[in-house]
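Dear colleague,

My findings follow directly after them.

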Amino acid sequence: MLTDLPNVLTLLRIASIPVLVALVAMRAPMSDLLACLVYIAACITDYLDGMLARRWKQNSDLGRMMDPIADKLLVGSLLLTLAGYGRLPYGALFAAIIILLREILVSGLREYMATQRANLPSTRLAKWKTAIQMVAIGFLLAGDSTGALLGLKKVPVALIGAVLLWISVGPTVISGWGYLMAGLARMTGRGGSVAGASAAPGRMH
């Protein structure tokens, strides 16, 4: 049900997006710090909704649909916002483009597989990809201004975020390629599965 706590947490993650975009748009050290804190809270809900759904046996088709959508909306909107305000330094803009292209590709594949009464199970590599991306975006939201605000001027916060975003490109491309091959195998009637797919029931990332 929509009112189950795991689903409410997912909806809260979606609701945090306009707040985060507004905070980034303020372009002030304090708003950057607040954006980072709100984002951390949103990431915590991502962990909690899946854990609670499994523990309380509240897994549902609605939850499995909403959870990856919430993740993609959060990551996509923040990457676009950071790009729009010039907050993706050291070539991280190109890493963001690769990430967004992969998400669009996989979303399209999932839609096709749904029409074939099949699905693309989440993989461990895809979950690592999501985790690295989330940490990277947290650093990028904080930026060097937050480091200075906290008395950590020598810590290259933005650089750390950019490097982590580039690191996430590896698992992003590899897992995306795995999904593409599984989708093509299904289209050509050869079946097949995604390497490293998680067999455990639950929400997909």
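**Findings**

At a relative accessibility of 4%, Ser31 counts as buried, because the cut-off for that class is under 20%. Please note that this is a predicted model. Ser31 lies in helix α2. When its neighbours within four places in sequence are set aside, Ser31 is in contact with Leu23 and Met26.

I turn next to the nonpolar core. The largest nonpolar core comprises 26 residues, and Tyr39, Ile137 and Leu165 have the most contacts inside it. Two or more residues of this core come from each of the elements α1 (5-26), α2 (29-55), α3 (61-84), α4 (92-115), α5 (124-149) and α6 (157-187).

Which residues does Leu165 contact, leaving aside its neighbours within four places in sequence? They are Leu79, Leu88, Ala92, Ala95, Ala96, Ile99, Ala136 and Leu140.

The packing of α4 with α6 also deserves a description. Two packed helices are described by the angle between their axes and the distance between the axes. For α4 and α6, the angle is about 25° and the axes are 9 Å apart. Angles under 35 degrees count as roughly parallel, so α4 is roughly parallel to α6. The crossing in which α4 passes α6 is left-handed. The residues of the contact of α4 with α6 comprise 19 nonpolar, five polar and three charged.

Yours sincerely

How values were computed
Residues numbered from 1 in each chain as written. Predicted model: local features only at pLDDT ≥ 70, side-chain atom pairs only at ≥ 80, totals over all residues. Heavy atoms only, no water. Core = buried A, V, L, I, M, F, W, Y, C linked by side-chain atoms within 4.5 Å. Buried < 20%, exposed > 50% of the residue type's maximum accessible area, 1.4 Å probe, protein only. Helix = DSSP H or I, 4+ residues; strand = E, 2+ residues; numbered from the N terminus. Contact = heavy atoms within 4.5 Å. Axes fitted to C-alpha atoms, helices over the stretch in contact; angles between N-to-C directions. Parallel < 35°, antiparallel > 145°, perpendicular 65-115°, else oblique. Left-handed = near helix turned anticlockwise from the far one by under 90°. Nonpolar A, V, L, I, M, F, W, Y, C, P; charged D, E, K, R; others polar.
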